[in-house]
Amino acid sequence: MTFSSECMSSIHLAYAIKPSCENKTKVGSLDEKGRGIRATLNFEHTFGRAIETVDDGQWLHGEAVATGLVMAVDM
């Protein structure tokens, strides 16, 4: 997947990433043990890790996790 330089500018990345980090911090502080709402932060990682396990290094971590997110939502 290729992104244009306009799409990947620092401003756009900060706009997309900052609220995500803030949300993850808030959720993590509410559920430090990961037994409730915090589990929703990692639901795509199950699929992503499976892809990474069998891919022989062909996928970047972010690619595998993004694909895992699509797979999890599609369930």
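This is a predicted model: local features need pLDDT of at least 70, side-chain atom pairs count only at pLDDT 80 or more; totals for chains, interfaces and linings use all residues.

**A turn after a helix**

Reply: Just after α2, aspartate 56 takes a positive phi of about 60°. Helices here are DSSP runs of H or I with at least four residues, strands are runs of E with at least two, and both are numbered from the N terminus. Residues are numbered from 1 along each chain as its sequence is written, and side-chain values use heavy atoms, leaving out hydrogens and water.

Me: What is worth noting about a positive phi?

Reply: Most residues other than glycine have a negative phi. Aspartate 56 is a residue other than glycine, yet its phi is positive.

Me: Where does aspartate 56 sit, and is it buried or exposed?

Reply: Aspartate 56 lies in the loop between α2 and α3. Its relative accessible area is 70%, so it is exposed. Buried means under 20% relative accessible area, exposed means over 50%, and partly exposed is in between, using a 1.4 Å probe and protein chains only.

Me: Let's zoom out. How many helices and strands are there?

Reply: The protein chain has three helices and zero strands. Along the sequence, that reads as α-α-α. Of its 75 residues, 16% count as buried.

Me: And how confident is the predictor?

Reply: The mean pLDDT of the chain is 81, with 89% of residues at 70 or more. That score is the predictor's confidence in each residue, on a scale from 0 to 100.

Me: Tell me about α3, then. How many residues does α3 have?

Reply: α3 has 14 residues and reaches 20 Å from its first C-alpha to its last, close to the 20 Å expected at 1.5 Å a residue. The expected span is 1.5 Å times one less than the number of residues.

Me: Which residues in α3 are buried?

Reply: Ala64, Val65, Gly68 and Ala72 are the buried ones in α3. Down the axis of α3 they fall within an arc of 95°, so they line one face of the helix. The arc is taken from the directions from the helix axis to the C-beta atoms. On the other side of α3, you'll find Val70, Val73 and Asp74 exposed.

Me: What do those buried residues of α3 pack against?

Reply: They pack against α2, residues 43-54. Leaving aside residues up to four places away in sequence, alanine 72 touches Phe43 and Phe47, where contact means heavy atoms within 4.5 Å. Alanine 72 and phenylalanine 43 are 29 residues apart in sequence, but their C-alpha atoms are 7.0 Å apart in space.

Me: Now from the α2 side. Which residues of α2 are buried?

Reply: Glu44, Gly48 and Ile51 are the buried residues of α2. Their arc around the axis is only 60°, which puts them on the same side of α2. What covers them includes α3. The face turned away from that buried side carries Thr46, Thr53 and Val54, which are exposed.

Me: Switching topic: how many salt bridges are there?

Reply: A search of the whole structure finds two salt bridges. The term means a side-chain nitrogen of Lys or Arg within 4 Å of a carboxyl oxygen of Asp or Glu. In one of them, glutamate 22 pairs with lysine 18, with the closest N and O atoms 2.6 Å apart. In the other, arginine 49 pairs with glutamate 52, at 3.2 Å between the closest N and O atoms.

Me: Why do residues spaced like that point the same way?

Reply: An α-helix has 3.6 residues a turn, so residues three or four places apart point the same way. Glutamate 22 and lysine 18 are four residues apart in helix α1, about one helical turn. Arginine 49 and glutamate 52 are three apart in α2, again about one helical turn.

Me: Last one: how accessible are those partners?

Reply: Lysine 18 is exposed, at 53%, while glutamate 22 is partly exposed, at 43%. In the other pair, arginine 49 is partly exposed at 46% relative accessibility, and glutamate 52 is partly exposed at 22%.
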